[in-house]
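Here are some friendly notes to read alongside the model. Take them one at a time, with the structure open beside you.

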Amino acid sequence: MIEINAKLKIPRGAYRVQVKGQLRLPFALRQKRRVRARLVSGEQVCLALPRGEILRGGDLLTASDGRVIEVLAEFEKVLHAECADAAQLAKAAYYFGNRHVPVQVGDGFLRLAADHALEETLKKMGVTVTYVEAPFEPESVAFMGNEHDHGHDHGHDHDHDHGHDHDHDHGHDHDHDHGHGHDHRHGRGGKH
């Protein structure tokens, strides 16, 4: 069995790369580090990726035998949420994102994993919900320059290390102190 152990960091199309296999996975498996799966061809593979790696449709992976494998986002049952009021849809995206619920943001719609509780919450927000079969590609905070943001806004620039790792998984709501190791008590001028 071949091992798939790295994601190519180059943008798709930057170089001519010969793909020699495809791996179709739902989102739940595309966010796991270690997975046994089968390529579209039927060949069994073992995914062993570095921590914090989330795979997206179109990503290219390298296998232990030198092959480049393309990731395909599997079609799956998801909640498709629409609302005529763009502000209400943005509030729903914010609500779920703030609770670490994976949300895909599209042009005039949101998509979330199929879940009855999420469906009921969306309906209470005045959002129209249907179920669709589609690839689920939730947003990532990686484009903001970090893997995980806790909303640390202390009214000053951060030119110092917080002393804690943001490369961890949260499956729960939380309001806890991270013990930054530096003092945030500022005078009126906001200076250290």
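1. Start with glutamate 70, which sits in strand β6 (residues 68-73); strands here are DSSP runs of E, at least two residues long, and helices are runs of H or I of at least four, numbered from the N terminus. Glutamate 70 is buried, at 14% relative accessible area (buried means under 20%, exposed over 50%, partly exposed in between, with a 1.4 Å probe and protein chains only). The side chains of glutamate 70 and glutamine 22 are joined by a polar contact of 3.0 Å.

2. A word on the source: this is a predicted model, where local features need pLDDT of at least 70, side-chain atom pairs count only at pLDDT 80 or more, and totals for chains, interfaces and linings use all residues. Residues are numbered from 1 along each chain as its sequence is written, and side-chain values use heavy atoms, leaving out hydrogens and water.

3. Next, look at the largest nonpolar core, which has 15 residues; Ile4, Leu23, Val45, Leu47, Leu61 and Ile69 touch the most other members. Such a core is a set of buried Ala, Val, Leu, Ile, Met, Phe, Trp, Tyr and Cys residues joined through side-chain atoms within 4.5 Å. Two or more residues each come from β1 (2-7), β2 (19-25), β3 (34-38), β4 (44-48), β5 (60-63) and β6.

4. Another core, of 13 residues, lies apart from the largest one, and its members include Ala81, Phe96, Leu118 and Val127.

5. In soluble globular proteins, nonpolar side chains tend to be buried together.

Methods
A polar contact is a pair of N or O atoms within 3.5 Å; within protein, one must be able to donate a hydrogen and the other to accept it, and residues adjacent in sequence count only if both atoms are side-chain atoms.
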